[in-house]
Amino acid sequence: MNSHSQRKHDHVSICLQHDIEHKASSGFDAYSFTHNALPELNFEDIDLSVQLFGRTFSLPLFISGMTGGYRDAIDINGALAEVCCELSIPLVLGSQRSMLHDDHSDSTFTIARERGSNICISANIGATEIAQSIHHDGIIRIIDTINADWITIHANPLQELFQPEGNTDFRGVLKGIEDCRKRIQIPMIVKEVGSGISLDIAKRLHDIGIDGIDVAGKGGTSWSAVEMKRNEKEHSDYFKEWGMETSDCLLSLREFCENNNLALLSSGGIRNAHDIAMSVAMGAKSVGMARPILIAYHEGGIRHVKMLIEQFMKDVQRIMFLTGSNNCNALSQAQFKMNQRN
Ligand SMILES: Cc1cc2nc3c(=O)[nH]c(=O)nc-3n(C[C@H](O)[C@H](O)[C@H](O)COP(=O)(O)O)c2cc1C
């Protein structure tokens, strides 16, 4: 295995074997919905579908980017594509960095398109790769090879800081994204991987033509904690808990995204139906999950992943009923309040 394949393998096995989650939650549990005692709705008529970049999906949910680039990733990406096909939700692939350097790993990503010919698939590349113009032809290739519907760029400075082989030169990322934006026809989304995106960064990304922000905030998988497992010499509780909570990010970006037609996506520590529904109420167009999906796949394959998502969505539908929301637009207007602190 080359170093990239080894790293992608390590990430999956560490996320399955160790508790590498942030201690504090993503913040949604600090808020409660206002109960509607007179919903004036038939529960069965509630519509969970959402529209994103001109396409309709049956649920306000997507699978966040995880893997690719090593042998076992073929099974994972193929299975996740099948789930997305059956449930009609988008799939974000893991970093396609390996495809920039050789074509041996192509099949670990193209399997998703083979198993999900009609699904919406996002390509995925890191901020430090896009910063280098030498990679821009390669980025077009990784989009074309999987016939991607959009591309997600992950900005992960905290992870790179603690990754033994991390790239900590983040100069030129904004310019790289701007230059690539001019050459790429599909929607471009920028995400974090668990530390969140602030309003100031969202504004800078909007200025260069980005179409969506996935805040990927703190409260779920801690990528500094994952990398510290790969590098036992490094240990810092302070940096394991670094970042901005997902709920805080949504609340601070909502108005700007709505006023500027920027798709706001929620992820990072989404662990139950309340987190999903509250994300939509806080302005998210769709909501992503990573590690819980990987764990469900590991425990029971496609069946368990589908069961997990279906159970969450059944409960989201119940929340919609109890807030009088007949669709996701109505849920986005649902009232909620911060819980009293003791
Ligand atoms: C095993 C694993 C591998 C990941 N690899 C990538 C990746 O290659 N690219 C990326 O953008 N995000 C990657 N992520 C980060 C997730 O997309 C997500 O932003 C982060 O884990 C927070 O979500 P969670 O709390 O639901 O896990 C990975 C997550 C997991 C669990």
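V173 is buried, with 20 other C-beta atoms within 10 Å; a residue counts as buried if 20 or more other C-beta atoms lie within 10 Å of its own, as exposed if 12 or fewer do, and as partly exposed in between, with C-beta atoms placed from the backbone. The structure is a predicted model, in which local features need pLDDT of at least 70, side-chain atom pairs count only at pLDDT 80 or more, and totals for chains, interfaces and linings use all residues. Residues are numbered from 1 along each chain as its sequence is written.

**Surroundings of V173**

- V173 belongs to helix α8 (residues 173-183); helices (H or I, at least four residues) and strands (E, at least two) are DSSP runs, numbered from the N terminus.
- When neighbours within four places in sequence are left aside, V173 is in contact with A127, T128, I130 and A131, contact meaning that the C-beta atoms of two residues, placed from the backbone, lie within 7 Å.
- A131 is 42 residues from V173 along the chain, and the C-alpha atoms of the two are separated by 4.2 Å.

**The chain as a whole**

- The protein chain contains 15 helices and 12 strands.
- Its radius of gyration is 19 Å, close to the 20 Å that the globule rule gives for 342 residues, so the chain is as compact as a globular protein of that length.
- The radius of gyration is taken over C-alpha atoms, and the globule rule is 2.2 Å times the number of residues to the power 0.38.
- Along the principal axes, the C-alpha atoms of the protein chain fill a box of roughly 60 × 45 × 45 Å.
- Buried residues make up 48% of the 342 residues of the protein chain.
- Among contacts in the protein chain with a separation of 6 or more, 79% are between residues 24 or more positions apart.

**Helix α1**

- The 15 residues of α1 should span 21 Å at 1.5 Å a residue, and its end C-alpha atoms are 21 Å apart, which agrees; the expected span of a helix is 1.5 Å times one less than its number of residues.
- H4, R7, K8, H11, V12 and C15 are buried in α1.
- These residues cover an arc of only 130° around the axis, which puts them on the same side of α1; the arc is that of the directions from the helix axis to the C-beta atoms.
- S3, S13 and Q17 are exposed on the other side of α1.
- The cover over the buried residues of α1 includes α2, α3 (97-101), α10 and α14.

**Helix α2**

- Helix α2 (residues 73-87) has 15 residues, and the distance from its first C-alpha to its last is 21 Å, close to the 21 Å expected at 1.5 Å a residue.
- A73, I76, N77, L80, A81, V83 and C84 are the buried residues of α2.
- They span an arc of only 160° around the axis, which places them on the same side of α2.
- These buried residues pack against α1 (3-17), β4 (61-63), β5 (91-92), α4 (106-115) and α14 (291-322).

**Helix α10**

- Helix α10 (residues 223-230) is mostly covered, with six of its eight residues buried.
- The buried residues are W223, S224, A225, V226, E227 and M228.
- Their cover includes α1, α7 (157-162) and α11 (237-240).

**The shell around the ligand**

- G94, S95, H154, G220 and A290 come nearest of the 25 residues around the ligand; a residue is near a molecule if its C-beta atom, placed from the backbone, lies within 6 Å of it.
- The elements giving two or more residues to this shell are α1 and α14.
- The contribution of α1, three residues, is the most to the shell.
- By class, the shell has nine nonpolar, 14 polar and two charged residues.
- Ala, Val, Leu, Ile, Met, Phe, Trp, Tyr, Cys and Pro count as nonpolar, Asp, Glu, Lys and Arg as charged, and the others, Gly among them, as polar.

**Positive phi values in loops**

- E40 has a phi near 55°, a positive value in a residue other than glycine.
- E40 is placed in the loop between β1 (31-33) and β2 (50-52), and it counts as exposed, with 7 C-beta neighbours inside 10 Å.
- N261 likewise has a phi near 55°, a positive value in a residue other than glycine.
- The loop between α12 (246-259) and β10 (263-267) holds N261, which is exposed, with 8 other C-beta atoms within 10 Å.
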